[in-house]
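Take a look at the model below. Start with its overall build, then follow the text down to a single residue.

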Amino acid sequence: GILHVSISLFFVYVCKVLIDIATGHSDGNLSVYIGWMFFCMAMQLLLSVVRSRLSSRTEIRFRNGMRQRLFDHLMKSRWTESENYHTGDMLNRLGEDVIAVSDALCRTVPSVLTTLFQLIGALFFLSRLDGRLAGILLFIMPLALLFSKRYVRKMRRLSREIRDTDSLVQSHLQEYLQHRTLISTLEYTRQAVRRLVSLQSDLLRRVIYRTDFSVFSRLMVQIG
């Protein structure tokens, strides 16, 4: 990712030189810089493929290892009747939560580090072009950081609510499927379906709210 950012910044520099040569503001060999431009484009494509493949490979290996360790821990743990853990909830945690954690560690964290490197590189690059551009970026950064703190806190709470609601859905499905013969005998199927619809509606409402909040926050940052 860092190498991709470096090539991208160099590509911007090459394009600037090409424009200066084409408009007569500087002397230089146009063919050489056109060659550099195509080299940068090819490297960007290659690095994008490599980064995507490496990210997927790392994530699935990490996810499998984490799920294996959690499963081994659960199988060896001593359970008591006083514990309030439902197997549907545990299956949901082994499935969805492992995916969320692996995605954060294998994609989000590297992406944040790459973005920080890009920000520092862009700041240096802009300062070499025009100090005023770098000053504008420095003015926007504290505002973005202040906004991101509130954004992360809000998203954390919304994500927890969604995970808890999703666990309720999984627990409901497993509980009623496990006792489906008894439920059918007691003619309680319709009530069970209504309860599922209610839980899923609540889950849908929370997911849409989180999505709307995320889209609005991203829009504000892009406007800035």
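The paragraphs below go from the whole chain to one position in it.

This is a predicted model. Begin with the secondary structure. The protein has six helices and zero strands. Read from the N terminus on, its elements run α-α-α-α-α-α. How spread out is the protein? Its radius of gyration is 26 Å. For 224 residues, the globule rule gives 17 Å. The value for this protein is well over that, so the protein is more spread out than a compact globule. The box filled by its C-alpha atoms, taken along the principal axes, is roughly 90 × 35 × 30 Å.

Next comes the surface. Of the 224 residues, 23% count as buried. The protein exposes about 16500 Å². Carbon and sulfur atoms supply 64% of that area.

Now consider contacts along the chain.

Finally, zoom in on T114. Where is its place? T114 sits in helix α3, which covers residues 87-129. Is T114 buried or exposed? Its relative accessibility is 15%. Buried means under 20%, so T114 counts as buried. Which residues is T114 in contact with, leaving aside its neighbours within four places in sequence? They are G1, I2 and V5.

Definitions and conventions
Residues are numbered from 1 along each chain as its sequence is written. This is a predicted model: local features need pLDDT of at least 70, side-chain atom pairs count only at pLDDT 80 or more; totals for chains, interfaces and linings use all residues. Side-chain values use heavy atoms; hydrogens and water are left out. Helices (H or I, at least four residues) and strands (E, at least two) are DSSP runs, numbered from the N terminus. The radius of gyration is taken over C-alpha atoms; the globule rule is 2.2 Å times the number of residues to the power 0.38. Buried means under 20% relative accessible area, exposed over 50%, partly exposed in between (1.4 Å probe, protein chains only). Accessible areas come from the Shrake-Rupley method with a 1.4 Å probe; for residues, only the protein chains shown count as cover. Contact means heavy atoms within 4.5 Å.
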